[in-house]
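Me: I would like to go through this structure term by term, asking what stands behind each word. Please set each value against its definition.

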Amino acid sequence: MTEKFVSGGFGSRGLGAITNSFWPGKPQFTESDYPKLDGKVVIVTGASAGLGYEVTKLLLGSTNAKVYMFTRNKQKTIDAIKRLETEVAKEFNKTNLNVDYISIDFADLTTIKPAAEEFLSKSDRLDIIIHNAGVMTPPEGSVTKQGFELQLGTNNFGPHLLQKFLDPLIIKTSKKNKAGVSRIVWVSSSAQYLSSKGGLFYSDPNFRNTKASAAGKYGQSKAINVLQAKGWNNAHPDGSNIISVSLCPGILTTDLTRHSTAIEAFIVRLIGHPVRNGAYTELFAALSSNVSTGDHIQSFGKVTKAREDLEDPIAISKAWEYIEENIRSYI
């Protein structure tokens, strides 16, 4: 018999996260603060719309980095690049954008290796990767191509597999960079507090025989993002010059809530913040000198900590091993 799904609870840090979500204050690290990133290469996943698009626009407008957009829909991405050219020229007075795209579908693990190989054929360095792509509360029963619960597969297994293929290059690049320049950014959420204790509901992680709220299932995937951020450095002692960090971008008015209930969507519209502010959070995590490995960043650029039990070395190691086991056949 499967055990009952129970949230790990909020605790004092959870209450702080909720408070920050409602009253985040103004972003303190914005375009004028960004390093120029001359000669650097940045990957942004899920970059053709919403938060990923805004992050890409800020990078292209405010830095000199080469940006690779990892996206699922080719035509949507081509259209996005056209919009970027227009908007960056208007807002930043900058033309000839240094941008490229790679096709990938995080809900289909067979697409990950070809995407990584295409990138590796185009670039001889990788300085920063922002694992931004994700899904939130899809219709009940939604699964990936491989049959995993859609959020577990898309938000966790897919990004983990991509990172595994890119690890050798980002580690190699980090050895040429000053400390703190190389980053792996995992976009989590304060929904981590809705996951089960330890982050992963191991008795039924795909919720095939367990009743759990849509928010609880999403919360599991976001707790795993925190565990991935913490687990990466543990698993890569040769990547000590790389900061692996998680974040909650904030309550934002993006299309990520398209599967939410009418009430949930109304609340987000009522208290949600502009997408640009969430992009500031992601780029604080990716670029600010005030960020260290082990930090969790909250909106819109506050250094905090994740839920207490997600910092347990045993929980981190157990989650890492679970993900590794599930992606092994796709390497």
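Me: What makes a side chain count as positive or negative here, and how many of each are there?
Reply: Lys and Arg count as positive and Asp and Glu as negative, while His and the chain ends are not counted. On that basis the protein has 38 positive and 32 negative side chains. The place of a charge is taken as NZ of Lys, CZ of Arg, CG of Asp or CD of Glu, and the centres of the two sets lie 2 Å apart.

Me: What kind of model is this, and how are residues numbered?
Reply: The model is predicted: local features need pLDDT of at least 70 and side-chain atom pairs count only at pLDDT 80 or more, whereas totals for chains, interfaces and linings use all residues. Residues are numbered from 1 along each chain as its sequence is written, and side-chain values use heavy atoms, with hydrogens and water left out.

Me: What counts as a helix or a strand, and how many are there?
Reply: Both are DSSP runs numbered from the N terminus, a helix (H or I) having at least four residues and a strand (E) at least two. The protein has 9 helices and 8 strands.

Me: Why is the protein called as compact as a globular protein of its length?
Reply: The globule rule is 2.2 Å times the number of residues to the power 0.38, and the radius of gyration is taken over C-alpha atoms. For 331 residues the rule gives 20 Å, and the radius of gyration is 18 Å, which is close, so the protein is as compact as a globular protein of that length. The C-alpha trace spans about 60 × 45 × 35 Å along its principal axes.

Me: Why is serine 48 called buried?
Reply: Buried means under 20% relative accessible area, exposed means over 50%, and partly exposed is in between (1.4 Å probe, protein chains only). Serine 48 has 9% relative accessibility, so it counts as buried. Buried residues make up 59% of the 331 residues in the protein.

Me: Where is serine 48, and what is it in contact with?
Reply: Serine 48 sits in the loop between strand S1 (41–45) and helix H2 (50–62). Contact means heavy atoms within 4.5 Å. Leaving aside neighbours within four places in sequence, serine 48 is in contact with residues including Tyr53, Met69, Lys76 and Arg83.

Me: How do you know that the span of H2 agrees with its number of residues?
Reply: The expected span of a helix is 1.5 Å times one less than its number of residues. For the 13 residues of H2 this gives 18 Å, and the end C-alpha atoms are 18 Å apart, so the two agree.

Me: What makes H2 "mostly covered"?
Reply: In H2, 12 of its 13 residues are buried. The cover includes S1, strand S2 (66–71), helix H3 (74–92), strand S3 (99–103), strand S4 (128–131) and helix H8 (275–287).

Me: Why is histidine 296 called buried?
Reply: Histidine 296 has 1% relative accessibility, so it counts as buried. The residue lies in strand S7 (residues 296–298). Histidine 296 and valine 187 are 109 residues apart in sequence, and their C-alpha atoms are 9.9 Å apart in space.

Me: How do you know that the length of H6 fits, and how many of its residues are buried?
Reply: The 22 residues of H6 should span 32 Å, and its end C-alpha atoms are 31 Å apart, which agrees. In H6, 18 of the 22 residues are buried. H6 (214–235) is also among the elements that cover the buried residues of H9.

Me: What makes the phi of asparagine 96 worth a remark?
Reply: Most residues other than glycine have a negative phi. Phi of asparagine 96 is near 55°, a positive value in a residue other than glycine. Asparagine 96 has 75% relative accessibility, so it counts as exposed.

Me: Which peptide bond is cis, and where is phenylalanine 300?
Reply: The bond from serine 299 to phenylalanine 300 is cis, with omega near -10°. Phenylalanine 300 is in the loop between S7 and strand S8 (302–304).
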